[in-house]
Amino acid sequence: MILFDWGTYNGLSTLMKAAILGTKLTEIPPRDFSRRGRGDEYFTSYREFASKAFTTITAHGPYYNLVSDVPEIHRRVVKALKIAVRRAGLAGAEIFNLHIGWRVYMDQRDLEKVAELVKSLLEDAPENMYISLETTYTRRQVGSLDEIKAIIEMVGSERVIPSLQLENVFMYEKRIDQHGNFIQADKEVDKEFWLNILGRALKLSHGFLSLRFSQVTGVYFGRRLLKKRVPLGKGYPNIEPLAEALAEFMVKEIRYKELPLRIHIIYTGPPETKYEDTIALYAEIMKRVVKHL
């Protein structure tokens with residue numbers, strides 16, 4: 001029995017490497033849905049290999065802002081995402097993940113527009129596919145856990161779930177987007193912080209508990225703080241309390257309670273070290289799982 005699936009993002013050309021390294025999950029990266037020359041054949045080939053080598057296939061949709069007050073832009077985004085979700089289905093993806101993006105209306109209409117778009121995508125998605133909404137790191141974007149909960153309720157489908165980008169939750173909950181002090185915020189985070197976050201996500205999850213992670217630092221663009229992904233061990237948040245919480249939560253709250261959920265963790269760090277870091281992240285969690293089994 002697998003406690004959780006683990007892996008990282010891969011184009012078709014790197015699937016063999018990921019499989020040889022023993023990862024159990026692969027994610028189709030967003031660029032595969034926006035690059036010219038990526039026709040249906042590419043995604044069919046992806047499925048032919050990945051379905052034999054991996055337990056779970058997910059897809060990260062292209063980076064389009066889901067909310068727009070310009071009708072033509074909105075129409076093009078919906079069209080592009082519908083094509084992407086169909087192709088994700090061809091590739092065998094069970095989850096299509098969406099980065100929600102920047103606020104436009106600055107009120108409830110932002111959430112309503114996202115819900116409307118997600119409903120539209122569900123019409124094109126295979127019946128076994130979930131749409132996951134990725135948590136954000138800044139209040140300038142839509143995507144807090146509470147906002148995702150509200151969107152899920154508006155859509156009214158168990159096929160819409162949160163995807164916890166864990167470092168984003170750390171930044172958002174500790175208001176780093178407002179003060180920029182990663183060091184102080186990291187000192188305030190312990191295992192209980194992460195257990196609380198995981199518990200909140202579990203209440204919104206069906207089918208999958210979807211987790212994503214990389215360590216980050218911040219860079220300022222004017223007065224706006226943007227996150228920068230860095231290799232494991234080079235940024236924030238600290239991996240130790242997170243790994244402790246993940247190990248305890250997965251065993252005690254899901255495995256022992258026999259909840260009907262599949263868990264996965266997708267490493268989303270920089271490509272230069274992503275395979276080493278994916279394996280290191282898995283090891284950090286699993287060596288803590290041992291004491292709970």
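1. Two strands are said to pair if DSSP finds at least two bridges between them, and helices (H or I, at least four residues) and strands (E, at least two) are DSSP runs numbered from the N terminus. In this predicted model, local features need pLDDT of at least 70 and side-chain atom pairs count only at pLDDT 80 or more, while totals for chains, interfaces and linings use all residues. Residues are numbered from 1 along each chain as its sequence is written, and side-chain values use heavy atoms, with hydrogens and water left out.

2. Strand β5 (residues 130-134) pairs with strand β6 (residues 160-165) in the parallel sense over four bridges, and Ser132 stands opposite Ile161 in β6.

3. Eight strands close into a barrel with parallel pairing, in the order β1-β2-β3-β4-β5-β6-β7-β10. On average, and with direction ignored, neighbouring strands of this sheet are turned by 30° against each other, where axes are lines fitted to C-alpha atoms, for helices over the stretch in contact, and angles run from 0 to 180 degrees between N-to-C directions.

4. Tyr42 is found in helix α3 (residues 40-53), whereas Asp32 lies in helix α2 (residues 31-34). Tyr42 is buried, with a relative accessible area of 12%, and Asp32 also counts as buried at 2%; buried means under 20% relative accessible area, exposed over 50%, and partly exposed in between (1.4 Å probe, protein chains only).

5. The C-alpha atoms of Tyr42 and Leu12 are separated by 7.8 Å, although these residues are 30 residues apart along the chain. Not counting residues up to four places away in sequence, Tyr42 touches Gly11, Leu12 and Asp32, contact meaning heavy atoms within 4.5 Å.
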